[in-house]
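Dear colleague,

I am passing on the structure we spoke about, and below it you will find my notes on two parts of it. Please read them alongside the coordinates.

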Amino acid sequence: MEILKYKILLGCFLIASVSIAQEKLWTLQDCVNYALENNISVKQTELDTQVADQDLVSAKGNFLPNLNGSASQNYNFGSFIGQDGNRVSRDSRGNNFGLSSSTVLFNGFQNTNIYKQAKLGIQSSQLQLSILKDNISLNVVNQFLNIMLNRENLKVAHEQVDITTKQVNQIQELVNSGVRAKVDLYEVKAQLASDQEQLINAENSLELANLALAQLLQIPNEGFEVSAMEIELPYVVLEHKSASEIYNFALSNRPEIKVAELNIEDAELGTNIAKSSFYPTLSFGAGLGTSYQHFQGQEDLRPIIDPSDPNNIILVDNGFGQQLEDNLGYNFGFSLNIPIFNRFQTKVNVNKAEINVKKLEYSLEQEKQDLRTNIEQAYADAKAAFNQYQASKASLDAQTESFKNAEESYKLGVMNSFDFEQVRNRLVNSKSNIINAKYNFVFKTKVLDFYMGKPLTD
């Protein structure tokens, strides 16, 4: 009974959780935040930054000495040279133990340059992550605005169906009273069918827009719904005076340019690393070692002079611990490696590294040109979108007045159904055009905000 109650409570909780999730209205900020926190590409790039962190740890380790231990177990059969340097003809087994350490004192500043490269790698990976997040944010804003656009188009489609439905009812009454011919009723009903078709198309477009944003966020589409967003248009030409103003700001702040500059700096360090092979390498090493040897079939004993009788030789214990202590030895030394000739390999590597620097310098110039082109195009698009919005607004005002006059004429019977539908269609097109122009202008200004480093959710 208790288990049944637990299952019922758990089921109610899950149903309530699903219901709350489905009723959630996603704001633009919610969508952007979720995408940046959960996008798979973002998570993968974040792992790249962690790899860069490990590269820095590895580069730091190059400055430290290493430490290695060794141990061996060996068996000898027949004749061999023993620990005392004499030849022994018997079976034995033994152990060798050792510790060794070495460090590079100088290698042409190679380790220093590798360390600098690792630090640049962290900066580059962080900038790459920033670029990815910016692009995802812009895509989310675009899809979100597309939903707002299709919502307004759906609203207009509903309004047209309502208007045409009222006209059908009005014409039906006039036909019943003998004032209008049935052909007028057929024409209005045909227009109603057309408007209902447009309504279905608008509903499908909105559903597809919701699906596109849900897929971009990588979440299920079922129950996904975004909240309404107030769109305020600046009734001025543009906030920025020219594309050059935006370009100058972006040139100093966009991560794409900074990544290209870091690539050049990294390649220059790569050239220095290649040149380091021209220099000698100085290393220091130290170690200690000991050994143990046991002859098969006899005890571990060794002969010594009797302290009480110098003429007498006695045997004393020569066990494992005693041999390790007696055979313990130390060593240290310096090693200098001077490159003289390596078949031009170092020279080739240096030349290739210098060529790579030049290639990356051209890449930086190309990145700057692409940035200028994109900003100039975005600025021109924004100005054109603003002008289009103003023209669409003027056209809508004119078409609205024209429709009012046509509606009065149609009610009085002065205008026939065909001419009235032409006027109405022009009004519908004007409404659709101004909606498209408005959201097109809003998105174009968001692109400019993108290059200016402004928050895209404001």
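R93 is partly exposed in this predicted model, because its relative accessible area comes to 29%, which falls between the 20% below which a residue is called buried and the 50% above which it is called exposed. The residue belongs to strand 5, which runs over residues 92-106. Although R93 and F295 are 202 residues apart along the chain, their C-alpha atoms are separated by 6.6 Å. Leaving aside residues up to four places away in sequence, R93 touches Q73, N74 and Y75, and it also touches Y292, Q293, H294 and Q296.

The other part concerns helix 3, which takes in residues 40-61 and so has 22 residues by the DSSP assignment; from its first C-alpha to its last it reaches 32 Å, close to the 32 Å expected at 1.5 Å a residue. Its buried residues are V42, T45, T49, A52, L56 and A59. These lie on the same side of helix 3, because they cover an arc of only 75 degrees around the axis. The buried residues of helix 3 pack against helix 2 (28-38) and helix 4 (110-176), whereas Q54 and V57, on the other side of helix 3, are exposed.

At the start of helix 3, finally, the backbone nitrogen of S41 has a side-chain oxygen of N39 within 2.8 Å.

Notes: Residues are numbered from 1 along each chain as its sequence is written. This is a predicted model: local features need pLDDT of at least 70, side-chain atom pairs count only at pLDDT 80 or more; totals for chains, interfaces and linings use all residues. Side-chain values use heavy atoms; hydrogens and water are left out. Helices (H or I, at least four residues) and strands (E, at least two) are DSSP runs, numbered from the N terminus. The expected span of a helix is 1.5 Å times one less than its number of residues. Buried means under 20% relative accessible area, exposed over 50%, partly exposed in between (1.4 Å probe, protein chains only). The arc is that of the directions from the helix axis to the C-beta atoms. Contact means heavy atoms within 4.5 Å. A polar contact is a pair of N or O atoms within 3.5 Å; within protein, one must be able to donate a hydrogen and the other to accept it, and residues adjacent in sequence count only if both atoms are side-chain atoms.
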